[in-house]
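This report walks through a protein model and the DNA strand beside it. Please keep the sequence and the structure in view while reading.

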Amino acid sequence: MRGRYWIFDIASDEKGEKIYIWGLSQDGTPYLFVDTSFKDFFYVLDVNIDRLKTRLIEALGSRYGDISIESTYKVVNGVEKEVFIVSGPEETLKLASRAITSFFGEDKIFEDDVRYTQKYILYRGLRVCGWYEVEYGDEMELKGYRGYQLISYSPIEEAIQPRMKAVSIDFVISSTQGSPDPDRDPINAIVIFDGEKLEKFVLEGGNDVKMVREVIDYIAKLDPDVVISFYGNRTFFPYLVNRFKRMGLTMDLGRFPKEIHQSILGHFSFGGRINVDLYEYVDDIPFFQRKTLEELAEYLKIDRPSKTIDILLYNRYWREYREELIEYISWRAKAMYAAFKALEGDIYILSNVTGIPPDYVLTSSSGRQIEFYIMSEAVKKGLVIPRSSERFVRSYPGGLVIKPVVGLHRDVCVIDFKSMYPSLMIKYNISPETVVSSPVEEGFFFEEVGLGVRIDVNGLFPEILRTLLRLRNEARERLSKIPKGSPEFRLLDARQRIYKILANTVYGYMGWSLARWYSFEGASLVTYLGRRTISQAIEYASELGLKVIYGDTDSLFVKYDEAKVGRLLDRIYNEMGLEAKIDKIYRSILFTEAKKRYAGYTYDGSIDIVGLEYTRRDWCDYARELQYEVIKAVLVEGDKKKAIDVFRDYVARIRKGVVPLEKLVIWEQITRNLRDYKANAPHIEVAKELERRGWRIRRGMFIGYIVLKGGGPIYKRSVYYVEADPEKVDVNYYIYHQLLPVVHRVLSPLGVSKSSLEAVAAGTGRGLDMFMG
DNA sequence: TGGGGCCGGGG
DNA sequence: GTGTACGGCCCCA
């Protein structure tokens with residue numbers, strides 16, 4: 001039989017000798033194909049074949065018969081040589097690789113650290129989230145699920161994705177003693193949304209087993225392809241597994257295999273269904289400052305909740321305002337569903353491009369995403385995949401930052417090098433295997449850093465970068481011919497974006513000590529050439545009589561002069577072989593004394609604020625809003641007096657006590673284990689206090705705190721924001737340590753002194769006095 | 001008063 | 001768990 005299927009997940013059996021492929025037919029029916037034709041394997045090199053066999057017989061005993069050894073040629077570290085392919089069931093190979101490693105050493109074995117399912121994708125060149133024409137044979141019975149023996153498949157071009165059936169899930173788990181404990185606290189409620197119907201399961205009485213069973217049956221009946229959650233991998237799924245395993249119950253959420261199992265990096269898998277934890281999506285994007293579902297919903301223009309309930313208040317709401325809590329998690333489930341629908345195309349494209357199945361592409365870090373892409377390119381070229389090993393973390397110099405010319409400037413343009421690091425890597429053939437630390441006959445060498453490259457071979461990374469940039473250009477080319485807003489447009493746009501992101505990640509990946517293709521020298525050489533390039537461009541600019549006001553890594557801010565800037569760009573192109581462009585033009589731009597902190601007003605009418613407090617979550621919203629208004633007054637209206645009036649007004653309002661408490665919250669992240677902190681700081685102290693009260697504080701959590709009145713250091717009088725008494729807020733802290741500094745930062749380059757602002761805050765001055773500077 | 005710890009955002 | 005450069009807060013000696 002044959003048909004067209006969209007492949008969305010890959011799994012393997014327990015022994016590791018069969019591959020399960022999940023596909024969706026055009027009408028949205030799930031199909032399971034079983035491929036028994038692909039064996040797991042690894043490479044062994046530079047060992048004596050007889051000794052290898054003897055060692056394997058010793059280690060494997062009767063299971064030696066399950067494996068086979070063949071020889072072939074592969075490129076290892078740039079050299080083609082004979083290698084042995086040891087193949088067999090994944091389970092047996094694990095024993096074999098351990099035996100080889102301990103006997104012959106870790107450097108004699110390759111790709112034993114690449115999982116069976118990954119190898120399948122790599123060596124079969126499978127495009128996940130793509131359409132295939134599949135030929136398959138007999139129906140097979142797999143513990144109650146039916147699958148088909150796979151015969152062959154070939155990719156087909158089809159841009160549109162099938163309609164995936166998704167359900168979102170949210171829950172209430174609460175405790176009177178801080179964080180809920182799976183041994184002690186039942187699950188209070190679960191809501192499930194399938195796009196049309198919202199089903200609520202609310203615990204009556206003390207035993208949640210029956211309720212959870214109903215939930216599982218309900219999900220099985222809906223039979224979704226995707227299960228959407230927000231933070232599910234870190235809370236709900238582990239809780240489910242732990243709570244019910246101890247009761248001797250299994251958690252069947254999958255099609256086949258059914259049971260939830262924890263795989264890499266805290267990800268939970270359900271056979272045949274994709275687990276999408278949207279937290280993993282927002283986590284990677286700096287734009288989302290607090291990583292909440294509310295932020296994601298706002299960004300996607302999804303309806304707001306009538307009220308947001310902090311997790312610390314769940315228990316109280318569960319007891320006293322249950323309806324409101326259920327309403328909130330119902331909103332969450334619906335918002336997650338809507339968010340997934342808006343983002344699913346992006347997820348599938350990311351999956352398709354990197355080769356990582358959608359089930360865990362969001363869980364994979366950007367380093368692992370680009371690494372998988374590089375692995376697939378390496379396999380295509382017959383290169384052996386290096387292993388990643390523990391290495392010393394060494395740091396090296398980065399980009400060059402020019403000190404800004406302080407003050408307000410008019411007509412300033414920003415010149416950007418186009419993809420500077422990727423372009424340099426291409427121009428100089430920089431790749432882990434081409435970098436040298438002494439001069440070579442065919443190549444470049446840079447004495448200042450004692451590093452160079454050979455150019456007698458094409459580097460892997462430059463080739464990958466050329467491909468990525470070409471694919472991006474092709475995608476953009478096609479985009480210009482498609483109507484904006486159509487589904488095809490959105491998918492292609494996502495695709496070109498991902499190519500760009502991947503290209504920009506390659507340099508950082510090379511400098512990452514855990515990378516399979518780690519190259520400290522390569523990364524150092526790239527940044528060195530970056531510094532040289534920007535310095536050279538500055539020289540050209542001054543030769544042309546362009547005044548450089550600021551610059552950072554790959555950008556230059558110069559006083560705008562159309563003709564001269566044009567000549568600068570030409571010179572960069574002709575003499576350096578690199579492309580630069582005018583990124584934007586500011587009618588007014590303000591630089592403080594500090595690097596990486598400025599605000600500008602463009603000719604498009606938008607205000608850019610970079611690095612200043614306005615952009616930072618560790619300043620309260622009230623101060624951030626004030627800074628925005630001050631910047632606007634200065635840049636757009638050119639009115640310093642108005643800026644000071646705004647400040648005066650903000651001070652008056654907080655003194656009156658009319659500022660909502662949530663605008664005074666300062667958010668900071670817990671970045672390590674609480675006991676590893678050496679210093680005292682407000683957010684750390686608040687977190688420690690929560691921990692004393694039974695809350696589990698984990699790395700990555702955001703602590704929102706408010707500073708209260710009292711003497712001594714502020715870490716001793718900061719409290720978790722939901723527990724602050726509005727009467728006790730330290731108004732003076734907020735005036736002198738939040739409001740005043742953000743105003744001073746912007747006005748000080750314009751000659752407004754701190755003391756004059758203090759006088760305004762105290763109500764004794766107008767701010768525009770003679771104490772300047 | 002200055003240096004260390006810590007955090008967040010820029011390119 | 002992609003990289004480095006940077007500013008600025010609070011705390012403490």
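By class, the surface near DNA strand B comprises nine charged, six polar and four nonpolar residues, where near means that a heavy atom of the residue lies within 4 Å of the strand, and where Ala, Val, Leu, Ile, Met, Phe, Trp, Tyr, Cys and Pro count as nonpolar, Asp, Glu, Lys and Arg as charged, and the others, Gly among them, as polar. The model is predicted, with local features requiring pLDDT of at least 70 and side-chain atom pairs pLDDT 80 or more, while totals for chains, interfaces and linings use all residues. Residues are numbered from 1 along each chain as its sequence is written, chains are lettered from A and ligands numbered from 1 in the order in which they are written, and side-chain values use heavy atoms, with hydrogens and water left out.

**The DNA strand**

DNA strand B is surrounded by 19 residues, of which Q289, D554, Q669, T671 and Y677 are the closest. The table lists polar contacts, that is, pairs of N or O atoms within 3.5 Å.

| Protein residue and atom | Atom of DNA strand B | Distance |
|---|---|---|
| T615, backbone N or O | phosphate oxygen | 3.2 Å |
| R616, side-chain N or O | sugar or linking oxygen | 3.1 Å |
| R617, backbone N or O | phosphate oxygen | 2.9 Å |

**Paired strands and hairpins**

Helices (H or I, at least four residues) and strands (E, at least two) are DSSP runs numbered from the N terminus, and two strands are taken as paired if DSSP finds at least two bridges between them. Strand β1 (residues 2-12) runs antiparallel to strand β8 (residues 130-142), and six bridges join them; Y5 has Y132 as its bridge partner in β8. Strand β8 is also joined to strand β9 (residues 145-155), again antiparallel, by nine bridges, and here V134 is partnered by Y153 in β9. Two residues separate β8 and β9 in their hairpin, and K143 in the turn has a positive phi of about 45 degrees.

Strand β6 (residues 79-88) is joined by five bridges to strand β4 (residues 40-44), in antiparallel fashion, and by nine bridges to strand β5 (residues 68-76), likewise antiparallel.

Five strands make up an open sheet of mixed pairing, in the order β12-β11-β10-β13-β16. Its edge strands, each pairing on one side only, are β12 (198-202) and β16 (274-277), and the twist from one strand to the next averages 20 degrees. Within this order, strand β10 (residues 166-173) and strand β11 (residues 187-193) run antiparallel with six bridges between them, and I169 stands opposite I192 in β11. Helix α4 (residues 209-222) lies across β10, β11 and β12 at about 15 degrees to β11, an angle taken on a scale from 0 to 180 degrees between N-to-C directions of axes fitted to C-alpha atoms, for helices over the stretch in contact. Helix α5 (residues 236-245), by comparison, lies across β10, β11, β13 (226-229) and β16 and runs at about 130 degrees to β11.

An antiparallel open sheet of three strands has the order β19-β21-β20, with β19 (435-436) and β20 (443-446) as the edge strands, each pairing on one side only. Two bridges join β19 to the antiparallel strand β21 (residues 451-454), and V435 stands opposite V453 in β21. Helix α15 (residues 520-543) packs on this sheet, touching β19, β20 and β21, and its direction makes about 105 degrees with that of β21.

**Buried positions**

Of the nine residues in helix α3 (residues 116-124), seven are buried, meaning under 20% relative accessible area with a 1.4 Å probe and protein chains only; they are Y116, T117, Q118, K119, Y120, I121 and L122. After α3 comes G125, with a positive phi near 60 degrees.

L468 belongs to helix α13 (residues 460-479). Is L468 buried or exposed? L468 counts as buried because its relative accessibility is 0%. Leaving aside residues up to four places away in sequence, L468 touches Y373, Y499, L502 and A503, a contact being heavy atoms within 4.5 Å.

Terms used: Polar contact = N/O pair within 3.5 Å; in protein donor to acceptor, adjacent residues only side chain to side chain. Buried < 20%, exposed > 50% of the residue type's maximum accessible area, 1.4 Å probe, protein only.
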